[in-house]
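Hi,

Here is the structure I promised to pass on. Have a look at it first, and then read on for what I found.

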Amino acid sequence: MALESIGMLGLFISAFISSTIAPGGSEAVLAYLVNNQQYAVTNLVLVATIGNTLGALTTWWLGMWAAKKYPAENLLTEKQRKSLHTLRHWGSWALLFSWLPVVGDGLCFAGGWLKLSLISSLLAIFIGKALRYIAVAYAFI
């Protein structure tokens, strides 16, 4: 593997892991690579966005899997059920906020649990993540 692609691969892996249940710091990796000026900023943003979106979809899928084994009605408190009801009301649009720390992973998980449309969820997640990475990247140009 060419040495030039290691930075992009590292960014992709960091972005993917950061968007699953495990904590990560893909913004710091992106900022470092943007500041290093070795790669085109648009390529960096695209790689980070794709990695982070795929990680979020993994969490979304885990939510869908969990819903099959553990129905919400049997496990959740009344407050948690109200939160799910609010998410159901907003639908996939709520996943625009999947970039938020801590809350974002929960939104993706709940989106899968509620079996929100995969295509709509993917689009909303991608847009939210892209906007966040664009803001981070251009802060370090």
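In which helix does Thr-53 lie? Thr-53 is part of helix H3, which covers residues 41–69. I'll come back to that residue below.

First, the ground rules. This is a predicted model, so to speak of local features I need a pLDDT of at least 70, and side-chain atom pairs count only at pLDDT 80 or more, while totals for chains, interfaces and linings use all residues. Residues are numbered from 1 along each chain as its sequence is written, and side-chain values use heavy atoms, with hydrogens and water left out.

**Confidence**

The chain has a mean pLDDT of 89 (pLDDT is the predictor's confidence in each residue, from 0 to 100), and 93% of its residues reach 70 or more. Helix H7 (residues 118–139) has the highest confidence, with a mean of 96. The lowest is in helix H4 (residues 72–75), with a mean of 67. Where pLDDT is low, the predicted coordinates should not be read in detail.

**The chain as a whole**

Read from the N terminus, the order is α-α-α-α-α-α-α. Along the principal axes, the C-alpha atoms fill a box of roughly 50 × 25 × 25 Å.

Of the 141 residues, 42% are buried (under 20% relative accessible area; exposed is over 50%, and partly exposed is in between, with a 1.4 Å probe and protein chains only). The accessible surface comes to about 8200 Å² (Shrake-Rupley method, 1.4 Å probe; for residues, only the protein chains shown count as cover). Carbon and sulfur atoms make up 70% of that surface.

If you take contacts (heavy atoms within 4.5 Å) between residues at least 6 apart in sequence, 78% of them join residues at least 24 apart.

As for charge, there are 9 positive and 5 negative side chains (Lys and Arg against Asp and Glu; His and the chain ends are not counted).

Apart from neighbours within four places in sequence, Thr-53 is in contact with Leu-122, Ile-125, Phe-126 and Lys-129.

Ala-48 is also found in helix H3, and its relative accessibility is 0%, so Ala-48 is buried. With neighbours within four places set aside, Ala-48 is in contact with Leu-11, Ala-15 and Tyr-133. Ala-48 and Ala-28 are 20 residues apart along the chain, and 11 Å separates their C-alpha atoms.

Over in helix H1 sits Ser-14, which is buried because its relative accessibility is 15%. Ser-14 touches Gly-25, Ser-26 and Val-29, not counting residues up to four places away in sequence. Ser-14 and Val-29 are 15 residues apart in sequence, and their C-alpha atoms lie 7.5 Å apart.

Thr-20 is in the loop between helix H1 (3–18) and helix H2 (26–36). Is Thr-20 buried or exposed? Thr-20 counts as buried because its relative accessible area is 13%. Its side chain reaches the backbone oxygen of Ile-17 at 2.8 Å. Thr-20 also touches Gly-55, Thr-58, Thr-59 and Asp-105, again not counting residues up to four places away.

Asp-105 is one of the buried residues of H6. Helix H6 (residues 103–113) is mostly covered, with eight of its 11 residues buried. Others in that buried set include Leu-107, Cys-108 and Trp-113.

**Two loop residues with positive phi**

Most residues other than glycine have a negative phi. Lys-115 is not a glycine, yet has a positive phi of about 55°. Lys-115 is in the loop between H6 and H7, and at 46% relative accessibility counts as partly exposed.

Gln-37 has a positive phi too, near 60°. Gln-37 is in the loop between H2 and H3, and counts as exposed because its relative accessibility is 66%.

Cheers

Technical notes
Helix = DSSP H or I, 4+ residues; strand = E, 2+ residues; numbered from the N terminus. Polar contact = N/O pair within 3.5 Å; in protein donor to acceptor, adjacent residues only side chain to side chain. Charge placed at Lys NZ, Arg CZ, Asp CG, Glu CD.
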